Structures are given as structure tokens and as C-alpha cells.
Amino acid sequence: MKKITSKENQIFKLCSKLTMRKHRDQEGLYLIEGEKLVREAIESGQRIKVIAAAESSGLRPDFSEEIVFMEDKLFTKLAQTKTTQGILAVVETRELTEEEFLKKTARKSGNVVLLDRLQDPGNIGTIIRTADAAGYSGVMTIKGTADLYSLKIVRAAAGSLFRMPVFSADSPSQAVSVLEAAGKTIFATGFDTDLYYYDVDMKRNIGLIIGNEGNGISPELMAMAHRIIKIPMDGDIDSLNASVAAGILMYESMR
């Protein structure tokens, strides 16, 4: 049994670095935490670099991968949940090319959700999880969107990030170019339309834009969208939480 007792240990230092986005980007690695999430990562074929458990956790899961144990005081420095389950893993990120992304997203419904500079980890994780449940085929992000591999987003996505192909576009024009290359109809939500979401066909091969929590969809993306739709609302409410709106729209394809 390998045991980590020093903060100078290379595994500890790597895990510590991966709590910051710049190091996740540099290393092409990210952290996951909790036995269920680690098990899902293994079962879905993710490339696991390290699995580490707190010394006092008592965890002896039946993983084929080797587990290293870490002194509790060191593990506590890495854990990002108040009630840690005592186990974490280092996983490789999956950087897909445009061609790989389009090939993977041709399956199932062919529907893709495009996140336009979203920032809230709970919203992003929930949208990814809901997209998975609603039969969507992939997730795209535009530069300025929060890091999908932050521990909060990974945890909120509840394993769906392992299953959903992800592509990161550098600009709105690149995102639209990728979607149009696959023949997808691009939908945006807005007020300047008479079309409700249930008036259009959203079953297959669409790109659904979800805008930033505070500023909505960028004018550039709105101008490039093929169809503008809206969700009916009563009273004085003029907007919904991003993940709630996304859930309503994505489940239209299931209906």
C-alpha cells in the first residue's frame, strides 16, 4: 500500500495544482471527488491517472486501478467539499477536434447545447446533466464560459460530463460554423419573436444556445441564429434561471 505523508510528494503537488484552472489547462487533467463519481469515471472508460484516498477513510473499493493513501491532513487540503467522502482521482480531459466532435454528436438526437459565456457552476453542471438525460448528443462552449472541469461543475454534472462530448469554440463565429457544418438548425431565445418553443420542431439536429446568466445571448450569436423562440411567462417575470430555461427547451425534443 502506497502512502503519501509529505506535501512535497509529486502526487500531492499535482493534485494541489489541479485545483486551479490554469494548471488544469496546462496539464490536461482535472480532479473528481467521491466514490460514486470515481466509479462512474472508471466504468465510462475515462483515463484515470491517480486515485487517492484519505488514510482514515476505510475505503477499500474493488477498483482494478491502484489506490494510494494520503495522510488525512494532506487529503483535507485537497478536498473541496465540506463533507468529503475521502477519495479523489485525477482524470484526463478530453480535447476533441471539430471533426471528432461532429462525428460523436451525429449519434442519438444530434442535438447540441451551446453555452454562451455561462459562469455559474451549478447552472452549467445542471445543464450538462439535463442535456444527457434529454438525449442531447453534445455540449459546446464559447470562450468566456467557466471551466467545465472545475470540481463544482464536475460534481453538479453528476457523471454526465464523462458521457457527453464537449467542444470549446474560441468565438461565436467558430461555434456557429461548426454547427452549420453539421447541418444543425440554430435556436436562440429572445423577446423579439412570435414563436414559442412548442411551435417549432426541436426533435433532432439542433444547436440550442443558452446565454450568460446576467447578459443573455450575445448580439453576435443572436444575429447568427436561424430561429428565435421564447418560453411563455405570466405575471411580471421576464426571465428564468439559465438551467431551468435550458431544461424546458431541451426536454421539448423528448416530448
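Q: Helices, of at least four residues, and strands, of at least two, are DSSP runs numbered from the N terminus. How many helices and strands does the chain have?
A: This is a predicted model. Counted as such runs, the elements of the chain come to 11 helices and 11 strands.

Q: Which elements each supply at least two residues of the lining of the second largest pocket?
A: This pocket holds about 370 Å³ of space. Of the 22 residues that line it, the closest to its centre are Arg21, Glu95, Thr141, Asp147 and Ser168. The elements that each give at least two lining residues are helix H2 (21-27), strand S7 (138-142) and strand S8 (166-169).

Q: Which element gives the largest share of the lining of the second largest pocket?
A: By class, this lining divides into eight nonpolar, six polar and eight charged residues. Its largest share is four residues, and they come from S8.

Q: Which residues are the closest to the centre of the largest pocket?
A: About 630 Å³ of space lies in the largest pocket. It is lined by 27 residues, and the closest to its centre are Thr189, Phe191, Asp238, Ser239 and Leu240.

Q: How many nonpolar, polar and charged residues are in the lining of the largest pocket?
A: Two elements, strand S10 (206-211) and helix H11 (242-254), each supply at least two residues of this lining. Taken by class, the lining has 15 nonpolar, nine polar and three charged residues.

Q: Which residues line the largest cavity?
A: The count comes to one cavity of 30 Å³ or more, and the volume of the largest is about 30 Å³. By class, its lining has four nonpolar, two polar and two charged residues. The residues are Tyr30, Gln46, Glu92, Thr93, Arg94, Tyr149, Leu161 and Phe162.

Q: What percentage of contacts between residues at least 6 apart in sequence join residues at least 24 apart?
A: Of the 255 residues of the chain, 49% count as buried, that is, under 20% relative accessible area. Among contacts between residues at least 6 apart, the share joining residues at least 24 apart is 76%.

How values were computed. Residues are numbered from 1 along each chain as its sequence is written. This is a predicted model: local features need pLDDT of at least 70, side-chain atom pairs count only at pLDDT 80 or more; totals for chains, interfaces and linings use all residues. Side-chain values use heavy atoms; hydrogens and water are left out. On a 1 Å grid over the protein atoms alone, a cavity is a set of points where a 1.4 Å probe fits but cannot get out, and a pocket is an open set with protein on both sides within 12 Å along at least five of seven lines; lining residues have an atom within 4 Å of a point. Grid points are joined across faces, edges and corners, and a volume is the space filled by probe spheres set on the points. Ala, Val, Leu, Ile, Met, Phe, Trp, Tyr, Cys and Pro count as nonpolar, Asp, Glu, Lys and Arg as charged, and the others, Gly among them, as polar. Buried means under 20% relative accessible area, exposed over 50%, partly exposed in between (1.4 Å probe, protein chains only). Contact means heavy atoms within 4.5 Å.
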